[in-house]
Amino acid sequence: MFDSTRFSGDGEAGAYSPPRTEDGFVYAIRPQEMRLSNARAMALYDRIARFHAVSNRLYLKLRFGGEIHYRWTFLSQLDVRRGERVLEVSVGTGGNLPLLPAGAHLYGLDLSPAMLRQAARHLREWGTEAELIHGEAEHLPFRGDTFDCVYHIGGLSEFGDPALALREMIRVAKSGTRILVADEVDRRTRVRRPRISLAKPGDLPRPDVLRMLPAGMLDVRYEEVCKGLMYRLTFRKP
């Protein structure tokens, strides 16, 4: 399922076992080709990784009424079955993974190795198994049509190239896969719109994430949730 041509200078696409760090997660990134914005983000999250889970739990409680309630607002939209491959892009410290159905094969990718070390520790404490990968959302190190479920919660707007990251999530998903993307609503450009809208061609104005979505996606559904502070976008790959 890994594709060496996505993160190395040579090799052929196909079966590949990428190197692992001493912490056990897969190292699949090109630091020399990383965007400056992503390099800065990696440095920032490496610095705050030790305190991220605790501070995030408090933040979600104060702003959204609780961590589990917040996470389930998004994860409840996924269609995950036993034996399927599930990819979380920007897995952070791993808080979403134990809430997914048992029996799925879980993969979590993140830009920050320090965050992945925290995720690995949490997974051991929770008794949850997952493959963790150090990589960029804009260059997912997987062959196309690999995953039965792909999702990203929080931070799309912070990527160096959000549109490319979105296309990469679509590329690695199998045909028919439901993809979930969620992030904060941009208050600077927010317009009054129904909380739930079926995205149809010609609807104006459209949120940035819908303008980035490639044409032809199926069952597109954009919703503003969490008291209008977050959006939840789901769609299926044709």
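**Reading helices and cores**

Modeller: Let's start with H1 and H2, which are roughly perpendicular to each other. Keep in mind that this is a predicted model.

Colleague: How do I read a helix pair, and at what angle do the axes of H1 and H2 cross?

Modeller: Two packed helices are described by the angle between their axes and the distance between those axes. Here, the axes of H1 (residues 36-64) and H2 (residues 67-75) cross at roughly 80 degrees and come within 8 Å.

Colleague: Which residues of H1 and H2 meet?

Modeller: H1 brings Asn56, Arg57, Leu60 and Phe64, while H2 brings Glu67, His69, Tyr70 and Arg71. By type, the residues in this contact are three nonpolar, two polar and three charged.

Colleague: What about a core: which members of the largest nonpolar core touch the most other members?

Modeller: In soluble globular proteins, nonpolar side chains tend to be buried together. In this case the largest nonpolar core has 34 residues, and Leu87, Phe142 and Phe235 touch the most other members. H4 gives the largest share, five residues. Phe235 has Leu166, Ile170 and Val220 among the residues it touches. Apart from that core lies another, of 27 residues, including Leu116 and Ala119.

Colleague: And what covers the buried residues of H3?

Modeller: The cover includes H1, E3 and strand E4 (131-134). Among the buried residues of H3 are Leu116, Ala119 and Leu123.

Note on methods
Residues numbered from 1 in each chain as written. Predicted model: local features only at pLDDT ≥ 70, side-chain atom pairs only at ≥ 80, totals over all residues. Heavy atoms only, no water. Core = buried A, V, L, I, M, F, W, Y, C linked by side-chain atoms within 4.5 Å. Buried < 20%, exposed > 50% of the residue type's maximum accessible area, 1.4 Å probe, protein only. Helix = DSSP H or I, 4+ residues; strand = E, 2+ residues; numbered from the N terminus. Contact = heavy atoms within 4.5 Å. Axes fitted to C-alpha atoms, helices over the stretch in contact; angles between N-to-C directions. Parallel < 35°, antiparallel > 145°, perpendicular 65-115°, else oblique. Nonpolar A, V, L, I, M, F, W, Y, C, P; charged D, E, K, R; others polar. Lists of a residue's contacts leave out its neighbours within four places in sequence.
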